[in-house]
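Please open the model in a viewer and keep the selection tool at hand.

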Amino acid sequence: MGKITLKSVRKSFGEVDVIPSIDLSIEDGEFVVFVGPSGCGKSTLLRLIAGLEDTTSGSIAIDGQDATDLPPAKRGLAMVFQSYALYPHMSVKKNIMFPLKMAGMDSAAAEARVANAAKILNLTNYLDRKPGQLSGGQRQRVAIGRAIVREPSAFLFDEPLSNLDAALRVNMRQEISELHQTLKTTMIYVTHDQVEAMTMADKIVVLNAGRIEQVGSPLDLYRSPANTFVAGFIGSPKMNLITGAEAAKHNAATIGIRPEHLDITADGPWQGVVGLSEHLGSDTFLKVAIPGMEPITVRAGGELNLRHGDKIGLAPQASKLHRFGADGKNFA
Amino acid sequence: MARKTTQTRKAFVTAIAWIIGFLIFFPILWTILMSFKSEGDAIKAPFAMLSSAWTLESYGEVQERSNYLRFFMNSVIISLGSTVLALVIAIPAAWSMAFVPGKRTKDLLMWMLSTKMMPAVGVLVPMYLMFRDFGLLDTRTGLVTILTLINLPIVVWMLYTYFKEIPGEILEAARMDGASLRSEILYVLTPMAVPGIASTMLLNIILAWNEAFWTLQLTTSDAAPLTQFIASYSSPEGLFYAKLSAASTMAIAPILILGWFSQKQLVRGLTFGAVK
């Protein structure tokens with residue numbers, strides 16, 4: 001079981017309200033990703049759930065039990081840190097076994113659990129090494145192993161992949177997703193990388209300045225962002241947000257159109273000049289300057305023979321156009 | 001060409017380093033060589049490296065005239081005692097400064113360090129009077145107390161910088177893993193801090209062993225450590241280079257040996273914080 005409920009949780013450091021008030025419910029077995037720009041309070045929120053920070057007010061319940069004042073050790077959660085936080089003086093085996101030793105488990109049972117975790121994580125050959133002798137990816141796996149053996153009611157991940165190189169990050173991302181499918185345990189994952197959020201989450205919580213901007217499945221957020229912040233944050237490349245006269249034509253303060261929802265047609269309503277073109281093979285990204293509008297990013301499939309200085313016409317797909325009011329909220 | 005200049009430069013810098021190293025080591029070498037000369041040779045040509053006859057007679061005389069072992073034991077008790085006491089006070093202090101710093105922690109650390117910038121002579125009279133009134137003159141307790149106090153700022157500072165290097169996340173990980181405060185300290189903190197504590201301890205023993213201002217001012221015989229033993233050979237009755245050197249060699253030998261075997265720890269202790 002791993003249902004976590006936050007009620008009016010507030011956190012302030014001195015006079016600074018990092019998290020003014022948050023209500024959130026995380027269901028058992030869900031993979032929830034907290035995403036937002038740096039300093040939005042996502043890590044603080046995770047640390048509040050972990051018990052590493054005290055809430056200023058509000059309550060946190062785990063499986064229906066009030067855990068607000070419980071120390072971290074008593075919450076039944078396991079955490080994987082950004083820096084891995086392995087114990088440098090212990091071997092891999094002792095690192096993974098540490099939580100079991102703390103729980104007072106007898107050594108035969110503990111050995112069996114460690115062996116099992118090592119097998120799942122491909123660490124069997126490294127059990128006698130010290131963390132310093134491992135690569136970044138292996139260290140990350142040891143940190144995950146240390147979390148798995150406790151059989152916690154939920155896993156907390158604090159930007160676990162940000163110290164890894166790009167290729168390894170993709171691998172580990174998939175491994176964590178597979179792990180979730182195998183264990184079916186609640187996972188809360190903090191990242192600033194919206195690609196990680198989109199690919200891993202059952203439910204994404206978008207945070208900004210300590211407030212929840214929107215909660216929903218990845219595609220919900222993609223299809224119907226609640227406001228300009230979510231619209232700009234979810235999706236890569238970013239959604240084009242256009243203000244001024246062009247937005248007024250649609251009776252909105254801001255209109256948004258994703259780069260992939262723009263058709264290139266010579267007689268399109270938006271006529272502009274290609275400023276920059278990036279050819280990735282599978283896609284071509286164009287930065288287009290249109291008089292009287294913000295620069296527009298266009299994503300065109302495949303190889304496209306357009307260069308700097310070429311004149312093109314763009315037509316936004318009407319059904320994919322988002323309209324936002326002066327307060328930034330989506331009209332739809 | 002560029003490579004050649006680098007080589008020349010390297011040789012040049014190495015030579016300079018050797019010269020500086022030799023200059024620093026020279027007084028110790030001189031003392032040791034001198035201690036094996038006869039008193040006559042020593043007076044005749046104090047700076048001659050070699051002697052006509054190597055002899056142990058100075059050592060014999062020094063041992064006959066004064067009880068080396070008593071001075072040695074005093075030095076051991078005073079330096080170990082003050083180090084242990086300083087660590088007992090400094091470890092909790094440095095922990096709290098490193099892991100639960102308050103608003104004034106930085107000021108406090110700077111203030112502690114500032115006490116080391118004051119010349120000791122400046123407080124000699126009040127210290128002497130206090131020692132006299134408390135009956136601490138020429139006692140080991142008195143020396144342990146004062147050496148603890150004068151080295152405490154350095155000990156706290158060293159431990160503080162060392163503890164600062166232990167990432168807080170590791171301690172948090174231990175807490176998440178179900179460790180109580182006791183287990184956290186026992187299984188995670190202490191093993192990680194041991195190298196730092198060890199090098200702090202070593203350095204402090206050396207500092208206390210070599211301390212010559214307070215030990216000379218506040219002792220006469222009962223609690224007199226090896227610094228007093230050396231000083232007693234530069235007396236009004238005249239300078240006896242060979243005997244003075246033999247006494248000095250006997251006084252520095254234990255700490256030199258300790259330093260030699262622990263140099264790796266010491267260098268680490270002195271440079272931590274400088275390199276990650």
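Asp63(A) sits in the loop between β4 (57-62) and β5 (65-66) of chain A; helices (H or I, at least four residues) and strands (E, at least two) are DSSP runs, numbered from the N terminus. Although Asp63(A) is not a glycine, its phi is positive, at about 55 degrees.

The model is a predicted one, in which local features need pLDDT of at least 70 and side-chain atom pairs count only at pLDDT 80 or more, while totals for chains, interfaces and linings use all residues. Residues are numbered from 1 along each chain as its sequence is written, and chains are lettered from A and ligands numbered from 1 in the order in which they are written.

Next, select Ser8(A) in strand β1 (residues 4-13) of chain A. Ser8(A) is likewise not a glycine and has a positive phi of about 45 degrees. Ser8(A) is exposed, with 12 other C-beta atoms within 10 Å. Most residues other than glycine have a negative phi, and most peptide bonds are trans.

Move to Pro237(A), in the loop between α8 (228-233) and β11 (240-243) of chain A. The peptide bond between Ser236(A) and Pro237(A) is cis, with omega at about -5 degrees.

Now turn to chain B and display helix α3 (residues 57-65) with helix α12 (residues 241-261). Their axes come within 9 Å and cross at roughly 75 degrees (axes are lines fitted to C-alpha atoms, for helices over the stretch in contact, and angles run from 0 to 180 degrees between N-to-C directions). α3(B) is therefore roughly perpendicular to α12(B) (under 35 degrees counts as roughly parallel, over 145 as roughly antiparallel, 65 to 115 as roughly perpendicular and the rest as oblique).

Finally, select helix α8 (residues 168-176) and helix α9 (residues 181-210) of chain B, which pack at about 140 degrees with their axes 10 Å apart. The two helices, α8(B) and α9(B), are therefore oblique to each other. On the α8(B) side, Ile170(B), Leu171(B), Ala174(B) and Arg175(B) meet Glu184(B), Val188(B) and Leu189(B) of α9(B) (contact requires C-beta atoms, placed from the backbone, to lie within 7 Å).

Notes:
A residue is buried if 20 or more other C-beta atoms lie within 10 Å of its own, exposed if 12 or fewer, and partly exposed in between; C-beta atoms are placed from the backbone. Two residues are in contact if their C-beta atoms, placed from the backbone, lie within 7 Å.
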